[in-house]
Amino acid sequence: MGRSYVLRLDDDKAIRLLDMLKSGCSGQRLAELLGVSRTSVWKFVKKLEEMGYVIEAKRRVGYRIVKSPDLSVYEVARVCWEFRRWIREVRYYKVVDSTNERAKEDGRRGVLYIAERQTRGRGRFGRNWISEPGGLYFTLTVPDPFPIDDVTKLTLTAGVAVAEAIGGRLKWVNDVMIDGKKVCGILCELSGEVEDPVVIVGIGVNVNNEVPENATSLKAVKGRELNRAEVLKGILERFFKYYDTLKGGGWGEIREKWRMLSETIGKIVRVRTAGGVVEGRALDIDEDGALLVDSNGSVVRVTAGECIHVE
Ligand code: BTN
């Protein structure tokens, strides 16, 4: 596993420092602010350079960041600061096996795991999630104890949040699509005790990474590279808003949003389930988020499976 960087969102010192360095600041001022020696400031600047920041150092003027990576532990912490009610810690990896796996192993609530690259990114149905550089790969652990029966609803909620944030549409259960091609996948898992599990929400978005023919990326759609920290921010804003809605008993509102964003309802679908293949017209999602399919005149309720749009 590659190097990891951890930042707890207890105080905003690191974020303020970064902001000061972005607008330019003398080593003296920084040392005062940090309450450390000039050598420590120099070491901090070197650390930032290692992370891909380009820093100009001028005598008497001080340091100034002239170029920042779009993702680093600091850029992510800066985005997460306004969500510190839900996220207490950021764990950033250059390379990791899978952010979901890290979250599962840790078993702690209120942590955001994020990686530049995953070597064993996990997809649904035991598949690999190819995680090339340039994509957004992160996992959130839900901050509070969460009813296990509502995990499907949470998965759909995450889908709504991402679809709204990136201008996508939803394919049941929660593939986010643009122009009929997959741009994001979501994998919810559980960790810890069955009576009191930690709920894990893993999200992979194709942002600036290369993708296979049958998928798309935000870069391909927009025709330019996007700042991944900004994309993350848009997703978190909506996710926590709807998370609170869901916790407050507002599933009906989220379900309605899912319907509006759905690309599946009304289509002829083929769903591969554990009990066999269900084919027919997708009518709706029910109270529990299950897909209702009109199959030869009878309504079949599908709770899990891989859905393909036939027409
Ligand atoms: C799918 O198959 O559609 C779900 C893909 C989920 C991929 C994300 S990337 C971040 C997180 N870590 C993983 O190993 N998987 C999820």
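Predicted model: local features only at pLDDT ≥ 70, side-chain atom pairs only at ≥ 80, totals over all residues.

Biologist: Fine. What do the E and H labels stand for?

Modeller: They are DSSP runs numbered from the N terminus: E for strands of at least two residues, H for helices (H or I, at least four residues).

Biologist: And what stands opposite Val269 in E12?

Modeller: That's Gly280. E11 and strand E12 (residues 276-285) run antiparallel and are joined by 6 bridges. Two strands count as paired if DSSP finds at least two bridges between them.

Biologist: How many residues sit between E11 and E12?

Modeller: There are 2 residues between them, and the two strands form a hairpin.

Biologist: What about E11 and E15, parallel or antiparallel?

Modeller: Antiparallel, over 4 bridges. One of the bridge pairs puts Arg272 with Glu306 in E15.

Biologist: In which order do the strands of that sheet come?

Modeller: The order is E14-E13-E12-E11-E15, an open sheet of 5 strands with antiparallel pairing. Strand E14 (298-302) and E15 stand at the edges with a single partner strand each, so one side of each has no neighbour in the sheet. Neighbouring strands are turned by 45° against each other on average, direction ignored. For angles here, axes are lines fitted to C-alpha atoms (for helices, over the stretch in contact), and values run from 0 to 180 degrees between N-to-C directions.

Biologist: Switching topic: what lines the largest cavity?

Modeller: Arg270, Val271, Arg272, Val277, Glu306 and Ile308 line it. On a 1 Å grid over the protein atoms alone, a cavity is a set of points where a 1.4 Å probe fits but cannot get out, and lining residues have an atom within 4 Å of a point.

Biologist: Which strand gives the largest share of that lining?

Modeller: Strand E11 (268-273) does, with 3 residues. E11 and E15 each supply at least two.

Biologist: How much space lies in there, though?

Modeller: About 30 Å³. The count is 1 cavity of 30 Å³ or more. Grid points are joined across faces, edges and corners, and a volume is the space filled by probe spheres set on the points.

Biologist: And what volume does the largest pocket have?

Modeller: About 840 Å³. A pocket is an open set with protein on both sides within 12 Å along at least five of seven lines. Of the 42 residues lining the largest pocket, Arg127, Asn128, Trp129, Lys182 and Gly185 are the closest to its centre.

Biologist: Which elements line it?

Modeller: Helix H5 (99-106), strand E6 (136-141), E8, E9, E10 and strand E15 (306-309) each give two or more residues. E9 contributes the largest share, 5 residues.

Biologist: Where does E9 sit in its own sheet?

Modeller: Between E10 and E8, in an open sheet of 8 strands ordered E1-E4-E5-E6-E10-E9-E8-E7, with mixed pairing. Strand E1 (4-8) and strand E7 (169-171) are the edge strands, each pairing on one side only. The twist averages 20° from one strand to the next.

Biologist: How do E1 and E4 run?

Modeller: Antiparallel, with 5 bridges. Among the pairs, Val6 has Arg91 as its partner in E4, and Tyr5 has Tyr92. E4 and strand E5 (residues 111-118), by contrast, pair in the parallel sense over 7 bridges, with Val90 opposite Leu112 in E5.

Biologist: Last one: what does H6 lie across?

Modeller: E7, strand E8 (175-178), strand E9 (181-191) and strand E10 (198-205), running at about 150° to E9; contact means heavy atoms within 4.5 Å. Of the 16 residues in H6, 13 are buried, meaning under 20% relative accessible area with a 1.4 Å probe, protein chains only. Just after H6, Gly167 takes a positive phi of about 70°.

Definitions and conventions:
Residues numbered from 1 in each chain as written. Heavy atoms only, no water. Buried < 20%, exposed > 50% of the residue type's maximum accessible area, 1.4 Å probe, protein only.
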